[in-house]
Structure formats: C-alpha cells, structure tokens
2 protein chains.
Amino acid sequence: MKKGAQTQKRDTYHHGDLRAQLIEATRQLVEEKGPDHFSVSEACRVAGVSTAAPYKHFKDKDEMLHAVAIQGMQRQQGQMIEELKPYQLGTLDRIIALGRVYTRFASQEPGVFRLMFGLSSDHDEVTELVETGTATFEIVQLEVAACRGSAEINEQDVHRSFQLWSFVHGLSFLAIDGKLNKAPMPFDMEFMLADVAQRVMAD
Amino acid sequence: MKKGAQTQKRDTYHHGDLRAQLIEATRQLVEEKGPDHFSVSEACRVAGVSTAAPYKHFKDKDEMLHAVAIQGMQRQQGQMIEELKPYQLGTLDRIIALGRVYTRFASQEPGVFRLMFGLSSDHDEVTELVETGTATFEIVQLEVAACRGSAEINEQDVHRSFQLWSFVHGLSFLAIDGKLNKAPMPFDMEFMLADVAQRVMAD
DNA sequence: TTGTCAAAGTAAGAACCTCTCACATATAAG
DNA sequence: CTTATATGTGAGAGGTTCTTACTTTGACAA
C-alpha cells in the first residue's frame with residue numbers, strides 16, 4: 001500500500017540526490033499553489049526529509065526558488081531551439097515559433113513563469129539566471145537579423161527584438177491572468193503572434 | 001520628539017480609520033520590500049495596532065493585498081484619464097499617452113504593479129479588481145476605435161487593443177525587472193511606445 | 001441622561017513557518 | 001580500518017497568520 005505520492009520513504013540514511021529532488025518538489029508545489037504560498041517545509045514533506053535538510057544544499061528559501069527559475073529558463077530556451085528546427089532560416093515563421101514557445105511555456109507552467117519574472121526577489125543578482133536570459137534573448141536577436149538576411153545584429157534588430165519580447169511577455173502574463181478570455185470574440189493566439197510578428201518586422 | 005515614522009501612537013482606544021491606514025501601510029511596505037516579503041504584522045507595527053486588529057477589517061492577508069491592488073488599478077486609470085486631456089481625440093498621441101501612463105505607473109510603483117498582475121492570488125474572484133481592469137481596457141478600446149474615426153468598437157479594435165495592452169504590459173515588466181538597461185544602446189521608452197503604436201494602428 | 005448594543009480594539013495562544021545549532025551517520029580516501 | 005567530510009536529524013528560537021474570548025467606546029433609543 002502506497003502512502004500517497006505525497007511523501008517519499010527511503011531506507012538509506014543518505015538521500016542520494018536530495019538537491020535535485022528538492023528542486024523538483026519545489027517546482028511541483030510552485031505550480032500547484034503559486035510562487036507565493038510555497039513553503040520549504042512542504043517541499044521537505046514531499047521529498048521526505050527533515051525541515052533542516054534543505055539548508056545543506058541551499059542558502060535559504062529564495063535560493064530554492066531561484067534554482068527552479070533557472071531550470072525554467074533553461075527549459076524554455078531548449079523548447080525554443082527545438083521549435084525552430086522545422087522552419088527555414090530567415091523566415092518570419094521562425095520569429096512566430098519563438099513567440100509560440102514563450103506563450104505556450106507560460107500557459108503550461110504559469111507558476112514557474114511567474115517565478116522567472118513576476119517576483120520581486122532580486123533576480124539581478126543571480127548570475128546564472130541573468131546569463132540564461134541573455135542567451136535566450138540573443139537567439140531572438142539573431143533570428144530578427146536573419147530575417148533581414150544578415151548574421152550581424154544591428155541597432156534596429158535590437159529594437160525590434162525588444163518589441164517582440166515585450167509583446168509576448170505581456171501576452172503571456174495576460175493569458176495566465178485570464179484576461180484574454182474576457183474578450184467578446186474567441187482569442188486566436190497563433191493569429192495574434194503572426195500578426196504582431198509581421199507588423200514589428202515590417203519596414 | 002517623534003518616535004520614527006515607523007510606529008503611530010494614539011490616545012484614543014478606537015483608531016478612527018484603521019482600514020484606510022492599514023491599506024496605506026500595506027502599500028508602503030509592498031513598495032519597500034516587494035509583494036512577496038510583505039507581512040501583516042509589520043503593517044500592524046506601522047499602523048500602531050495589535051496583530052489581531054486587521055482581521056476586523058479584512059478576511060485575511062490576501063484581502064489586504066487585494067485592497068492595495070484595487071487602489072492601484074484605480075490610480076492607474078485616473079492617471080490615464082488625466083494624461084489624455086492635452087491630446088486631440090482620434091490622434092495616435094492619445095494611444096501613446098495611455099502607454100506612457102502604463103509604463104510610468106509600473107516604474108513608479110513596481111511593488112503595486114506586481115501586486116496587480118504578477119501574483120498568483122486568484123484575482124479573478126475579486127470583482128472590484130476585474131471591473132476596474134475591464135473599465136480601463138474599455139478606455140483603450142474606445143481610443144483605438146476613435147483613431148479609426150469611429151465611436152463603436154469593432155473586432156479589429158479589440159484585436160489591436162489587446163496587442164497594445166500586451167506590449168505595454170510586457171514592456172512594464174521588463175522595465176521593472178531591469179531587463180531593458182542591458183541593451184547595448186540607451187533605451188528610449190517614448191520612441192518605443194510611439195513606434196509600436198504606429199505599427200499596431202497601421203492598416 | 002442613561003442603558004444597551006454593535007463596532008472595533010486587545011491579549012493570549014494554536015498552528016504554522018524559516019532558519020540555526022549541535023549531533024548522528026554514511027561514504028570515500030588514505 | 002580509520003577518519004574526514006558531506007549530508008542527514010532533532011530540538012528549538014523567533015517569526016508568521018489567524019482565532020478566540022474579552023474590553024472599550026461611541027451611538028442611539030428610551
């Protein structure tokens with residue numbers, strides 16, 4: 001008889017890979033209850049360890065959340081690279097694909113997405129988070145330049161990339177906040193992405 | 001000798017206007033420490049009452065935060081109406097003005113802005129919040145229609161309004177998250193707003 | 001003027017929470 | 001086999017949210 005997926009039991013004193021399991025438990029709980037309303041002790045219960053255990057692996061609660069945010073950024077970036085594959089370099093479809101991944105990620109993992117951007121915890125100071133974010137934005141900029149037929153990013157490309165990022169970023173938040181379904185007409189995400197991509201990339 | 005703006009003293013047993021003062025204390029603290037890291041007891045210390053007092057006026061912590069979010073929405077809406085005044089009806093300048101208020105509000109009150117949108121607390125169920133938000137979006141839609149020279153909002157207007165909203169919403173978040181200053185060139189917010197407004201409103 | 005009631009405060013405490021400390025146990029390296 | 005180190009635990013200090021029973025006070029009817 002299993003005792004609820006809630007709590008893990010273990011026969012060894014040492015855990016094996018507590019750090020990874022705590023991150024996973026944190027991710028789950030953040031998704032379930034939201035980044036606010038997450039508690040370290042609950043993560044401990046899920047992982048089946050004492051409430052003191054996490055502090056061997058993380059400085060504090062915020063660092064646990066940071067770890068989940070970092071993994072989220074990496075997952076998001078991975079999905080982008082994957083999604084680009086079917087499309088030919090230099091096409092608008094690739095820009096649209098990046099936007100699709102962004103909004104889809106937010107919809108599928110709203111808790112983690114909020115963690116990545118919505119919290120006030122000083123993310124500036126988490127270098128790994130900043131670096132992953134910068135790398136992802138680099139991908140966008142390169143795609144925008146490629147649409148011009150260039151491999152070099154110029155000032156206009158940066159500008160357009162920020163416009164695209166702002167748009168999908170806001171769209172994602174509005175989506176997970178449930179603001180889009182209040183519209184009088186059905187909301188067509190794919191059309192919205194394509195329309196904006198075309199407008200921003202137009203001369 | 002004043003005893004630090006920290007704690008209010010009072011000679012009467014009854015407070016007078018505790019609800020309002022608690023909301024103000026909450027707003028201050030949310031701004032200072034961020035929506036996460038806000039504590040009811042600290043607000044009580046600021047207001048100079050026992051930690052049980054708030055529960056005569058609010059169901060729980062979340063309801064206090066909701067109250068601040070609602071006031072934020074109302075303040076934002078007020079600023080929009082004010083900012084529109086100098087500009088002639090039906091001009092792009094009015095669209096730009098709305099965007100300017102949105103991003104400016106976020107920059108000036110990032111804590112409250114995050115509270116209004118960034119938290120997972122079920123804002124759907126706070127009718128006053130939803131209603132104010134809807135009313136504000138109505139203003140945007142009317143301006144978009146007016147740009148077409150119409151007083152009626154059609155489907156395309158709704159569509160464009162969502163594009164504009166998404167954009168300024170995302171831009172605001174990126175701004176308060178400090179993502180915009182990483183750019184290689186200086187970031188010109190006003191130009192960005194104007195450029196996007198023009199692109200979205202173009203035929 | 002006075003009696004009573006409801007509104008709005010308090011003190012105390014239950015049930016959480018984060019994080020620290022001293023201590024226990026297992027693993028890997030010599 | 002011994003020992004150092006990494007990784008776990010139990011206990012607890014001090015903070016938090018929220019409830020309960022009690023107190024104070026202002027308002028209003030008699």
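Predicted model: local features only at pLDDT ≥ 70, side-chain atom pairs only at ≥ 80, totals over all residues.
**Entry 1**

Most residues other than glycine have a negative phi. A:H37 is not a glycine, yet its phi is positive, about 75°. I located A:H37 in the loop between helix 1 (18-33) and helix 2 (40-47) of chain A. Its relative accessibility is 46%, so A:H37 counts as partly exposed.

I then checked chain B. B:H37 also has a positive phi of about 75° without being a glycine. The loop between helix 1 (18-33) and helix 2 (40-47) of chain B holds B:H37. B:H37 is partly exposed, at a relative accessible area of 45%.

**Entry 2: aromatic pairs**

I asked how many aromatic pairs the structure holds over all chains. The count is 17. I opened the pair A:F173 and B:F173: the ring centres are 4.2 Å apart and the planes are at 10°, so the pair is stacked. A:F173 sits in helix 7 (residues 155-176) of chain A and B:F173 in helix 7 (residues 155-176) of chain B, so this pair joins two chains. A:F173 counts as buried because its relative accessibility is 0%. B:F173 is likewise buried, at 0% relative accessibility.

The next pair I took was B:Y102 with B:F113, which is edge-to-face, with 5.9 Å centre to centre and 85° between the planes. B:Y102 belongs to helix 4 (residues 92-108) of chain B and B:F113 to helix 5 (residues 110-117) of chain B; they are 11 residues apart, and the pair links distant parts of the chain. I found both B:Y102 and B:F113 to be buried.

Which residues do the ring pairs link into a cluster? I noted A:Y102, A:F113, A:F117 and A:F173, together with B:Y102, B:F113, B:F117 and B:F173.

**Entry 3: helix 5 of chain B**

Helix 5 of chain B is mostly covered, with 7 of its 8 residues buried. The buried residues are B:G111, B:V112, B:F113, B:R114, B:L115, B:M116 and B:F117. I also looked up what they pack against. On the chain A side I found helix 5 (110-117) and helix 7. Within chain B the partners are helix 1, helix 3 (61-84), helix 4 and helix 7.

**Entry 4: helix 4 of chain A and its partners**

Two packed helices are described by the angle between their axes and the distance between the axes. I began with helix 4 (residues 92-108) and helix 6 (residues 127-147) of chain A, which pack at an angle of about 160° with axes 9 Å apart. That angle makes helix 4 of chain A roughly antiparallel to helix 6 of chain A. The crossing of these two helices is left-handed. Helix 4 of chain A contributes A:L92, A:R94, A:I95 and A:L98, which meet A:I139, A:V140, A:E143, A:V144 and A:C147 of helix 6 of chain A. By type, the residues of this contact are 7 nonpolar, no polar and 2 charged.

I then turned to helix 3 (residues 61-84) of chain A, which packs with helix 4 of chain A at about 145°, the axes being 9 Å apart. Is this crossing left-handed or right-handed? The crossing of helix 3 of chain A and helix 4 of chain A is right-handed. From helix 3 of chain A the contact takes A:G72, A:R75, A:Q76, A:Q79, A:M80, A:E83 and A:L84. From helix 4 of chain A it takes A:R94, A:A97, A:L98, A:R100, A:V101, A:Y102, A:R104 and A:F105. I recorded 7 nonpolar, 3 polar and 5 charged residues in the contact of helix 3 of chain A with helix 4 of chain A.

**Entry 5: two residues with contacts in the other chain**

I looked up A:K179 in the loop between helix 7 and helix 8 (189-201) of chain A. Leaving aside neighbours within four places in sequence, A:K179 is in contact with A:L174, B:F117, B:F162 and B:W165. I also checked A:K179 against A:K61: they are 118 residues apart along the chain, and their C-alpha atoms are separated by 31 Å.

B:H159 is in helix 7 of chain B. B:H159 has 14% relative accessibility and so counts as buried. Beyond neighbours within four places in sequence, I found B:H159 in contact with A:M185, A:F191, A:M192 and A:D195.

Technical notes
Residues numbered from 1 in each chain as written. Chains lettered and ligands numbered in written order. Heavy atoms only, no water. Helix = DSSP H or I, 4+ residues; strand = E, 2+ residues; numbered from the N terminus. Buried < 20%, exposed > 50% of the residue type's maximum accessible area, 1.4 Å probe, protein only. Phe/Tyr/Trp six-rings, centres within 6.5 Å; stacked < 30°, edge-to-face > 60°. Axes fitted to C-alpha atoms, helices over the stretch in contact; angles between N-to-C directions. Parallel < 35°, antiparallel > 145°, perpendicular 65-115°, else oblique. Left-handed = near helix turned anticlockwise from the far one by under 90°. Contact = heavy atoms within 4.5 Å. Nonpolar A, V, L, I, M, F, W, Y, C, P; charged D, E, K, R; others polar.
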